[in-house]
Amino acid sequence: MLLCVDIGNTNIVLGCFRDDDCIFLSRISTDKARLKDQYAVDIGSILSLYCIEPSTIDDAIISSVVPSLTEPISYAIELVTGSYPMVLNPGLKTGLNIRIDNPAQLGSDFVACAVAAKEKYPLPLVIIDMGTATTVSAVAKNGDFLGCAILPGLRISTDALVERTSLLTSISYEAPKSAIGGNTNDSMQSGVIYGAAAMIDGLCNRFFEELGEVGLAIATGGLAVVVTPYCKTDIMLDNMLLLNGLKSIYWRNKKK
């Protein structure tokens, strides 16, 4: 079995694959202060929870946007499974032609999502990833990765709003009945949910204009399910996108 790990700024997502089947999907909170042995305990506990013997994990692959955690978690995986993971970096073969100013600067999460999306969906397409940051990226009809837009995620924006204002408090991420809020809570929820939906619609429109045709929009990330139902753009949800990309890249680079 193959263990795919996505190290994000908020959560670390683990998915275990037997061939093309995902056996389990789990999350650990990202904590830069945790030690590698502590992460090893977490990973071992998750495998035990899903009745997976560590010895049945043949190999692993990591995508990381938190450089300080890449090595500790790689060590933790090796400690638990006996296999040091493959790390998605510019040295791996991905099959993705990255047409940005400096391809080496592109985050591994963008790469994995784009690889999975171009293999699974018709082109061109726009990929929306709603995690700690919200990102929107474009893959051309010929499969080239053209670039992206990066902006603060919902939680970052809301936390900053609450922190910098005296009378506004935290809210739940739910859409109010009306975009025109009749009280503070509904008004904030309208701004956060409907505002994010309108922003995504606007970026998708601009991206498709620059791509020269309207293609498919794919959304992934923890908050995508909250916002995309209120978008006017037809958006398909795929929260396995990044892990499936990692799986595909692993097999492309698997050691003989």
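Reader: So axes are lines fitted to C-alpha atoms, for helices over the stretch in contact, and angles run from 0 to 180 degrees between N-to-C directions. At what angle do the axes of helix 3 and helix 7 cross, then?

Author: At roughly 85 degrees, and the axes come within 7 Å. Helix 3 and helix 7 are therefore roughly perpendicular to each other (65 to 115 degrees; under 35 is roughly parallel, over 145 roughly antiparallel, the rest oblique). This is a predicted model, where local features need pLDDT of at least 70 and side-chain atom pairs pLDDT 80 or more, while totals for chains, interfaces and linings use all residues. Residues are numbered from 1 along each chain as its sequence is written, and side-chain values use heavy atoms, leaving out hydrogens and water.

Reader: Ok, which residues of helix 3 and helix 7 make the contact?

Author: Helix 3 brings Asp109, Val111, Ala112, Cys113, Val115, Ala116, Ala117 and Glu119, and helix 7 brings Leu241, Leu242, Asn244, Gly245, Leu246, Ser248, Ile249 and Arg252. Contact means heavy atoms within 4.5 Å.

Reader: How many residues of helix 3 are buried?

Author: Ten of its 13, so helix 3 is largely enclosed by the rest of the structure. Buried means under 20% relative accessible area, exposed over 50%, and partly exposed in between (1.4 Å probe, protein chains only). Phe110 and Ala114 are among the buried ones.

Reader: What covers those buried residues of helix 3?

Author: The cover includes helix 7, strand 4, strand 6 (125–130), strand 7 (133–139), strand 8 (145–152) and strand 9 (216–220). Helices (H or I, at least four residues) and strands (E, at least two) are DSSP runs, numbered from the N terminus.

Reader: Switching to Thr220: buried or exposed?

Author: Thr220 is buried, with a relative accessible area of 5%. It lies in strand 9. Leaving aside residues up to four places away in sequence, Thr220 touches Cys113, Ile128, Asp129, Met130, Asp238, Asn239 and Leu241.

Reader: And the open sheet, what's the strand order?

Author: The five strands go 3-2-1-4-5, with mixed pairing. Strand 3 (21–29) and strand 5 (86–87) are at the edges with a single partner strand each, so one side of each lacks a neighbour in the sheet. Two strands pair if DSSP finds at least two bridges between them.

Reader: How many bridges join strand 4 to strand 5?

Author: Two, and these strands run parallel. Ile62 has Val87 as its bridge partner in strand 5.

Reader: Where does helix 2 lie?

Author: Helix 2 (residues 67–81) lies across strand 1 (2–7), strand 2 (11–18), strand 4 and strand 5, at about 165 degrees to strand 4. Helix 7 (residues 241–253) also packs on the sheet, and its direction makes about 125 degrees with that of strand 1.
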